[in-house]
Amino acid sequence: MMDNLRDITGMPEYDIHFWNTMRGFRGNEEILSKGRILATNSYALPVGAVDKISTALKKESVFRNLATVIKAYNSGYLIKTKDCTDMANFIPENTEIPVKDGRKDFNEKSIESYKLAAFVKLDESFVKDAAFSIENYLTERFAKNFGRAEDNAFINGTGNEEPTGILHETEGADVGVTTEAITYDDVIKLYFSVKNEYRKNAVWMMNDRTALILRTLKDANGNYIWNHSNDTILGKKVVISEFMPDADNGNKPIAFGDFSYYWIVDRKATSIRTLVELFAELGLIGYLAYKFLDAKLIRKDAIKVIQMGKVE
């Protein structure tokens, strides 16, 4: 179905009529109907625009540069993902390969399909100006809005009508260190609380205010834990996200680990519908863009967090 949709949205005539519709003109409904997403009464983006918004979204999103991104367009509403621990052993000649040992070594997660919507509006006369690149503008604008909403959910999401974030109480990252105030030793302990196999490709994640705290931490000999020349801690890159919480009472301000075990599953192609009549009196055209996705941490121990103690 989705492969067929890509064939349709990749046709030059679909591209022409799609963007004519976005400009407030009447497109060929017979052609456009083949790309209609019934769940939202919207039209799937043409293939060229899909590539543009994917590129722009990766620039805007912190997580899409760290996580594993999977497209599951052809699956049903609810799917199950399975991840297992890999094995590699030297086996003596004429000895049975121990594959039976891994039969139950599967981590199964259910993946939903949550709807993410973004809205923008533009001046109608501006939109209908042939010199205005509506395709570039809308793809970049929606990518920015989607990127911020996604990153917030990937960190703080509840799993209720939205993805499950890495800070979720039960389904998020394991707590590696609990402390009243972040110290040099706490950061070292968090680093070593993560298994070596996950430390290899690990990064640190925190917000600017927490980063400022870590920039000043020194060991007993006066050496900074933060490498100011390349913004790393213990040789691992620091990633800044405004959606990580402050180092306050009960919060989890620092995450460290391999974020490739956080899976983002895109369920449907991005689509847009125009709202012409609703804003006609104002001389504006509204645009609603939709995405369907889910995301969650597949291995809880791949990322560890610092938990601030609760002060009564």
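**Pockets, sheet and salt bridges**

Reader: How do the residues of the lining of the second largest pocket divide into nonpolar, polar and charged?

Author: This is a predicted model, in which local features need pLDDT of at least 70, side-chain atom pairs count only at pLDDT 80 or more, and totals for chains, interfaces and linings use all residues. Residues are numbered from 1 along each chain as its sequence is written, and side-chain values use heavy atoms, with hydrogens and water left out. Ala, Val, Leu, Ile, Met, Phe, Trp, Tyr, Cys and Pro count as nonpolar, Asp, Glu, Lys and Arg as charged, and the others, Gly among them, as polar. On that basis the lining of the second largest pocket holds seven nonpolar, three polar and six charged residues.

Reader: Which element gives the most to the lining of the second largest pocket?

Author: A pocket is an open set of points on a 1 Å grid over the protein atoms alone where a 1.4 Å probe fits, with protein on both sides within 12 Å along at least five of seven lines, and lining residues have an atom within 4 Å of a point. Among helices (H or I, at least four residues) and strands (E, at least two), taken as DSSP runs numbered from the N terminus, six lining residues make the leading contributor helix 4.

Reader: How far apart in the chain are aspartate 266 and arginine 64?

Author: The side chains of aspartate 266 and arginine 64 form a salt bridge (a side-chain nitrogen of Lys or Arg within 4 Å of a carboxyl oxygen of Asp or Glu), at 2.9 Å, N to O. Aspartate 266 belongs to strand 13, while arginine 64 sits in the loop between helix 4 and strand 3, which places them apart by 202 residues.

Reader: Which element gives the largest share of the lining of the largest pocket?

Author: The largest pocket has a volume of about 390 Å³. With four residues, the largest share of its lining comes from strand 13.

Definitions and conventions
Points joined across faces, edges and corners; volume = space filled by probe spheres on them.
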